Amino acid sequence: MRPTAKFSISFGLVTIPVAAYNATDTSASVSFVRIHTADGGRVRNQPVCSLEGVEVSPDEIGRGYRPHDADVVVPLSDEDLDALPLPTAKTLTILAFVAGGDIDPLQMGKGYYLATDSPAAAKPYVLLREAMERHERVGLGKIALHGRETLAMIRPMGDALVMQVLLWPHQIRPMDGVLPEREVEVHPNEVAAAETLMDSFGELSEEDLHDHYREALDELVSAKLAHREPEFDTGEEQPSGGQVMDLMAALQDSVRAAKRSRGEDEGDEGRAAAKRPAKKAAAKTSTAAGTKTGTKSGTKTASGAATKSAAKKSTAAQSATKKTAAKTTAKKKTASRGSRRAG
């Protein structure tokens, strides 16, 4: 593997010479060529001069720059570009260390492995990597690659340092016209059902990270060359992407489908779910019965207490009446005796 660029990382007063290697392989992706459908001939993009209308050889092709406010192209030579006062042309100067989560994934571009470019760079290389790993930070800086200055992020990855090219903030388009036009209300039970569905997905497998499209395309091409019908492994039938009318029903059906795909038995869960309402109903019946019994008992007790209280009051009143009558009789008898003595 050959390096695509060589520069130095400036970390304070520490300089680390590094070589950048492509971390991704775009050649492994599916790509098509354009053909003439009448005879199958390749259709190529030929470099043609817009003024003369003739094909131009590679050694006659240079670079030019068109300003935004002018309809003219200014030719620029390699000497002109090398003379630019650009400190990032050969050095990636780290400007700040931030948490990796602070970087918007929309800004992330191509990735490069960074290797030491001299024996003296080994110790500061390892020092920077371990410091960022322990501090849980990534480095942000600027570097000029392929004639353009760009933001770059440096982060530890295993035993190596990785550089990720970042887009400038002004290169991220606004979200105009993306959000729903009207306000949407989501109920808590719907969010809980969606979380349950997310938990049911499980972990990624190696089969999930397989390029099935490329494999099917290879089979299609092989079948055409052999003048036979292609044999595709269709696997499980994919659900149709129709319009969702009942969101909760769709979420619940999705959870059940995910469990079936993993071979989980839903019978026990269904029986447990059926028992739970029965237990609740029995508990409610028992509670209601106890409440009614207690009410009747309380009514009877209160009625008996009131009757006894009334009886006591009646007896006390009768006793008081008898005592008053006795006193009155005694007074009359005493008065009668006194009257006889006086006569």
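Phe97 counts as partly exposed, at 33% relative accessibility, where partly exposed covers the range between buried, under 20% relative accessible area, and exposed, over 50% (1.4 Å probe, protein chains only). This is a predicted model, in which local features need pLDDT of at least 70 and side-chain atom pairs count only at pLDDT 80 or more, while totals for chains, interfaces and linings use all residues. Residues are numbered from 1 along each chain as its sequence is written, and side-chain values use heavy atoms, with hydrogens and water left out.

If rings of Phe, Tyr and Trp (its six-membered ring) are paired when their centres lie within 6.5 Å, with planes under 30 degrees apart taken as stacked, over 60 as edge-to-face and the rest as tilted, the count comes to one aromatic pair. Phe11 and Phe97 form this pair, which is edge-to-face, with 5.7 Å centre to centre and 75° between the planes. The pair links distant parts of the chain, since Phe11 lies in strand β1 (residues 5-11) and Phe97 in strand β5 (residues 91-98), 86 residues apart; helices (H or I, at least four residues) and strands (E, at least two) are DSSP runs, numbered from the N terminus. Phe11 is likewise partly exposed, with a relative accessible area of 28%.

The largest nonpolar core has 21 residues, of which Phe7, Ile9, Leu92, Leu114, Leu145, Ile154 and Met163 touch the most other members; such a core is a set of buried Ala, Val, Leu, Ile, Met, Phe, Trp, Tyr and Cys residues joined through side-chain atoms within 4.5 Å. Among the elements that each supply at least two residues of this core are β1, β5, α2 (122-135) and β8 (148-157). Apart from this core lies another, of six residues, among them Val98, Ile103, Met153 and Leu166. Leaving aside neighbours within four places in sequence, Ile9 is in contact (heavy atoms within 4.5 Å) with residues including Val14, Leu92, Leu114, Leu128 and Ile154.

Across the protein, which has six helices and nine strands, 16% of the 343 residues count as buried. Among contacts between residues at least 6 apart in sequence, 58% join residues at least 24 apart.
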